[in-house]
Amino acid sequence: MSERQQWERYKKYLCVCEPIGLTLDVSRMGFDDAFLSRMQAPLASAFDAMEALEKGAIANPDEKRRVGHYWLRAPELAPEPGLTRAIQDTVASVRSFAADVHAGRVKPERAARFTQLLVVGIGGSALGPQLVADALGGPQDRMAVHFFDNTDPDGFDRTLGALGERLSETLVLVISKSGGTKETRNGMLEAEAAYKARGLAFGAHAVAVTGEGSELDQVARKGGWLRTFPMWDWVGGRTSVLSAVGLLPAALQGLDIDGLLAGARDTDVLTRSRDALKNPAALLALMWHHAGGGKGAKDMVILPYKDRLLLMSRYLQQLVMESLGKELDLSGKPVMQGIAVYGNKGSTDQHAYVQQLREGVHNFFATFIEVLKDRPAAGMEVEPDITSGDYLLGFLLGTRRALHEKGRESLTLTVRDVSARTVGSLIALYERAVGLYASLVNINAYHQPGVEAGKKAAGAVLALQLKLLAELRRPGAAPRTAEQLAQAVGAPDEVETAFKVLEHLAANPEHGVRREPGASYFEARYRV
């Protein structure tokens, strides 16, 4: 195809969304009009399913739950007046609480104001807030934001070390719908211990976002925490960023939560259109289907040419992969669906993996994210009539061309700037694209049985650890190998897990386990 022909294809298929300041270029995807015709009926069914979901239909049949994240930015669409009021009241409470914190009306035990915010959460309770904080934050922030988003002891220590003496002016926000998420529970306990070590009352510095009556809700009430905010069962973690999960930390940081909600709301309106060529969410879903043959055969590479959107790929990893990575379709048939997502940022990617994208295994399609506005004020020229931002665009267009020359498909998503409205719009765009694609391939996008399986397996590992420790501490117990200990606790088939657990116990001082070298690496003996 000549450059002139490519220009005509670009004009034909460019989706221009002026109300939200966004365009989507799908011209470098190798579909034809016959593909669009074939997908008309499946897409119409996907639109029907989405319409039913927004009206309150049971969209998660496994858990008999509705899926209502679209109501968060348009409460009037909620199917019951009580839900509408709950959403509106929560947003008002978020604004009011943030204002009280900023004004010092809600203040810490031994400081005039809260200046730091420590968010404790994992998965959707961290990835969404992290994306928003990094994309929109700056030196003007009302509070500096930190995260506990894992159960890594060294990660806790690094974050607490960075806070240092400012811990006394740090507000802790713990986010967990059930309150039973162990990573979040562990982060909460580590934070609580740090406050106690400084003679501070943890409850006087803590806020929760959780389900009513959950374990965390009970802990917060018993501990006299400052406030609790709701997390409803009809909002999944990976689509919760525009609930109190994301709005509260954003408001405390001093970000424009009204802009976030408005951007998402306007994008929802636009992406309800049934004209696929004017609906960027539908076009994304169609292009994902085209690229992977409806079977996820190609990975999705996210390349935002903007530092502020670096975390977009991490956010989309969960949104896309947890939603679409399913073994069974809605009829119970094994399908092994999913789309792998990874990414970096431009032009860093050109010094990382673009070499493979252009010349290596052809197992992907790329999504370039272009931001038209370089910086708030006029910038300097690094060469006559050329700025750093001009170079960034040059690298984006150059990389896109280099991939296209090798037959590597790509999408280009262009936005005006990285504002609250834009970030809200991007969140809503991908939420709807994921839902539409799931309908196209007949899977449930709103459950995650694989995640639950991993949690159960982790519980079994910890149960084995307790048995091993009990056996090691038995009076008169002699040093033994992993095989001997696994046999002794009645788990001979779990010897590899026992070996890994024992190695970890011996590497850390808390449990008092010692390792004695043996004749081979696997014949090491363990004792207390």
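I began with the second largest pocket, whose volume is about 340 Å³. I note the terms: on a 1 Å grid over the protein atoms alone, a pocket is an open set of points with protein on both sides within 12 Å along at least five of seven lines, and lining residues have an atom within 4 Å of a point. Grid points are joined across faces, edges and corners, and the volume is the space filled by probe spheres set on the points.

I recorded that the model is predicted: local features need pLDDT of at least 70, side-chain atom pairs count only at pLDDT 80 or more, and totals for chains, interfaces and linings use all residues. Residues are numbered from 1 along each chain as its sequence is written, and side-chain values use heavy atoms, with hydrogens and water left out.

I then looked up the lining of the second largest pocket, which has 21 residues; Ala135, Leu136, Arg308, Val418 and Ser419 lie nearest the pocket centre. Domain 1 (3-60 + 259-447) and domain 2 (69-255) each supply at least three residues to this lining. Domain bounds come from an automatic or database domain assignment, which also gives domain 3 (450-527). The centres of domain 1 and domain 3, taken over C-alpha atoms, are 46 Å apart.

Next I turned to the aromatic rings and found 17 aromatic pairs in the whole structure. Rings of Phe, Tyr and Trp (its six-membered ring) pair if their centres lie within 6.5 Å; planes under 30 degrees apart count as stacked, over 60 as edge-to-face and the rest as tilted. Phe148 and Phe156 are both buried (buried is under 20% relative accessible area, exposed over 50%, partly exposed in between, with a 1.4 Å probe and protein chains only).

I also noted one aromatic cluster of Tyr13, Phe31 and Phe35. The charged end of Arg9 sits over the ring of Phe31, 4.7 Å from the ring centre (CZ of Arg or NZ of Lys within 6 Å of the centre and within 35 degrees of the ring normal).

Finally I checked the backbone. Most residues other than glycine have a negative phi, and most peptide bonds are trans. The peptide bond from Gly346 to Ser347 is cis, with omega near 5°. Asp385 has a positive phi, near 65°, and is exposed at 69% relative accessible area. Asn442 has a positive phi of about 65° and is partly exposed at 32%.

Notes. 1 Å grid on protein atoms, 1.4 Å probe; cavity = no way out; pocket = protein on both sides within 12 Å on 5 of 7 lines; lining within 4 Å.
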